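Me: I would like to learn how to read the features of a model like this one. Please take me through them step by step.

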Amino acid sequence: MNTHFIAIGGSAMHNLAIALKDKGYHVTGSDDAIFEPSKSRLEMKGILPAEMGWFPDKITSDIDAVILGMHAHQDNPELARAKELGLKIYSYPEFLYEQSKNKTRVVIAGSHGKTTITSMILHVLNFHQKEVDFMVGAQLEGFDCMVKLTEDHDFMVLEGDEYLSSPIDLRSKFLLYQPNIALLSGIAWDHINVFKTFDDYIEQFRKFVTSITPGGVLVYNEEDIEVVKVVEAAENYFRKIPYKTPEYEINNSQVYLKTEIGDVPLSVFGAHNLLNLEGARHICQQLGIMDESFYEAIMSFKGASKRLEKVEREDKGTLYKDFAHAPSKVKATVKAFKEQFTKEKTYGFLELHTYSSLNPIFLEQYDHAMDGLDEAIVFYSEDALKIKRMEPISPELIKEKFKNNHLKVFTNAEALHSYWNTLDKATGAYLMMSSGNFGGLDLTK
């Protein structure tokens, strides 16, 4: 099968390209910029574009599938040529559905926790050598690629994202998967640039639940009031399996899960991760992994990449980085960090750099998000606001919206880095929350 990727360098797109190459497909692609690690990984597979840019001549009538990434624009010249030739154009999720439509599809959805839950499920399955196709949004230990596609496996596990499918398909990605088995971890307003109101956002999850195949299964977080509302309002037929935070205790910084087979030591911490674990357990039951086998495997799960991930520092200091930037994720991560490190001075750094997090209206969602930390620091770049053509935001407004007058607020990277260099990282516990890099801050030194 001949496939061509428009915007092949994206974190999701390049993994799909590699998966198709491994499956034996002929893969080509284009992009206007490709960064690491995508660049090296594509080059290793022999599918890195020879030069950057868009080349309509690459689009020929013998291409079976054109896969369009979100990074491309509606007026992309290669897209225009594909339309002119009448080629089949797929969004990323649409193509994944085509690859899995004859399999049992397991879709993990929710505003937060979906990457971790998907990672936990795949870790357990891999531990017990139960092979499935999959797509997950984080690099996992023991896995070479974030996407795996075969003709042989009966199941496909998919991380279900509510963001838009492509520049020409404005449906939420997870609406294209039609799950046989689904999980809904939580609902908290996100992607304000796309979903202008909370109800617009919730509507995507209502549609997701409706998309479950007749007689399917939904595992859902019964502690989330918005999730419960969506599930109770659903009129289609599926089996409902609720889950909640399991019992656990912390002894000498070690987390133990309280189970019927005894105390199970874990390599992750935080109530939100224990809640994620419980959701993963119920999904694994649906896949034939019973509880004792699940606990045996989950003890060695160290977390998904950038989800409370420990950074090895030269000074052996205690520092964790987390992808958290949306309000609900920040609150859950800060709570977990404070609970885990009760004897150390805690420092929490948060970078605001998405359209949502820099919107004054949306900022109200961060109320009390950084409370309880000994030192709480928020960083955003005034230059980034200018680039995004957004109105200036004052440090005073940040403190007001966070409802925390003790916040330290930095608006340029140089000032942040100067403050960072004054801290003795060998003492205390540091939490760095961002989907960016704090203006190039090296967390290992």
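Reply: Start with a cut-off. A residue is buried under 20% relative accessible area, exposed over 50%, and partly exposed in between. Glu249, with a relative accessible area of 30%, is therefore partly exposed. Keep in mind that this is a predicted model.

Me: What does Glu249 pair with in a salt bridge, and how far apart are the closest N and O atoms?

Reply: The general idea is a distance test: a side-chain nitrogen of Lys or Arg within 4 Å of a carboxyl oxygen of Asp or Glu. Here the partner is Lys258, and the closest N and O atoms are 3.7 Å apart. Lys258 is partly exposed, at 32% relative accessibility.

Me: How many salt bridges does the structure hold?

Reply: There are 22 salt bridges in the structure. One of them joins Asp161 to Lys173, with 3.6 Å between the closest N and O atoms. This pair links distant parts of the chain, twelve residues apart. Asp161 sits in the loop between β8 (155-160) and β9 (164-166). Lys173 sits in the loop between β10 (169-172) and β11 (181-184).

Me: Are Asp161 and Lys173 buried, partly exposed or exposed?

Reply: Apply the cut-off to each residue. Asp161 has a relative accessible area of 21%, so it counts as partly exposed. Lys173 has 17%, so it counts as buried.

Me: Which residue forms a salt bridge with Arg281?

Reply: Asp291 does, and the closest N and O atoms are 2.9 Å apart. Arg281 lies in helix α8 (residues 271-286), while Asp291 lies in helix α9 (residues 291-298). Arg281 is buried at 10% relative accessibility, whereas Asp291 is partly exposed at 25%. Salt bridges can also share partners: Asp199, Glu203 and Arg206 are joined into one network that way.

Me: Now the domains. How is the chain divided?

Reply: Into three parts: domain 1 (2-87), domain 2 (95-299) and domain 3 (309-440). A separate annotation comes from UniProt, where an unreviewed entry lists residues 3-102 as "domain: Mur ligase N-terminal catalytic". Over residues 3-102 the chain is 38% helix and 16% strand. The end C-alpha atoms of that stretch are 20 Å apart.

Me: How do I read the interface between domain 1 and domain 2? What area do they bury between them?

Reply: Take separation, contacts and area in turn. The C-alpha centres of the two domains lie 28 Å apart. In contact are 20 residues of domain 1 and 18 residues of domain 2. Domain 1 and domain 2 bury about 1400 Å² between them, with 71% of it on carbon and sulfur atoms. Asn15, Lys23 and Met70 supply 38% of the area that domain 1 buries against domain 2, more than any other three residues.

Me: How many salt bridges are counted between domain 1 and domain 2?

Reply: The count is one. Lys23 forms a salt bridge with Glu151, with the closest N and O atoms 3.1 Å apart.

Me: What about the nonpolar core? Which residues touch the most other members?

Reply: In soluble globular proteins, nonpolar side chains tend to be buried together. Here the largest nonpolar core has 123 residues. Leu16, Leu96, Leu352, Met370, Ile398 and Phe402 touch the most other members. Beyond its neighbours within four places in sequence, Ile398 is in contact with Leu352, Leu363, Val378, Tyr380, Ile393, Leu407 and Val409. A second, separate core of 16 residues includes Leu319, Phe379, Leu441 and Leu443.

Me: Is Ser91 buried or exposed?

Reply: Ser91 is buried, with a relative accessible area of 3%. Ser91 is in strand β4 (residues 89-91). Not counting residues up to four places away in sequence, Ser91 touches Ile67, Leu68, Ser165, Ser166, Asp169 and Leu176.

Me: Last, the backbone. Where is there a cis peptide bond?

Reply: Look at omega. A cis peptide bond joins Glu36 and Pro37, with omega about 5 degrees. Pro37 lies in the loop between β2 (26-30) and α2 (38-44).

Me: What is the phi of Lys316, and of His368?

Reply: Lys316 has a positive phi of about 65 degrees, although it is not a glycine. Lys316 is exposed, at 70% relative accessibility, in the loop between β17 (309-310) and β18 (318-322). His368 has a phi near 65 degrees, also positive in a residue other than glycine. His368 is partly exposed at 40%, in the loop between β19 (346-351) and β20 (375-379).

Definitions and conventions. Residues numbered from 1 in each chain as written. Predicted model: local features only at pLDDT ≥ 70, side-chain atom pairs only at ≥ 80, totals over all residues. Heavy atoms only, no water. UniProt positions renumbered as here; feature names shortened; annotations may be inferred. Helix = DSSP H or I, 4+ residues; strand = E, 2+ residues; numbered from the N terminus. Core = buried A, V, L, I, M, F, W, Y, C linked by side-chain atoms within 4.5 Å. Buried < 20%, exposed > 50% of the residue type's maximum accessible area, 1.4 Å probe, protein only. Contact = heavy atoms within 4.5 Å. Domains from an automatic or database assignment. Buried area = accessible area lost by both parts, 1.4 Å probe.
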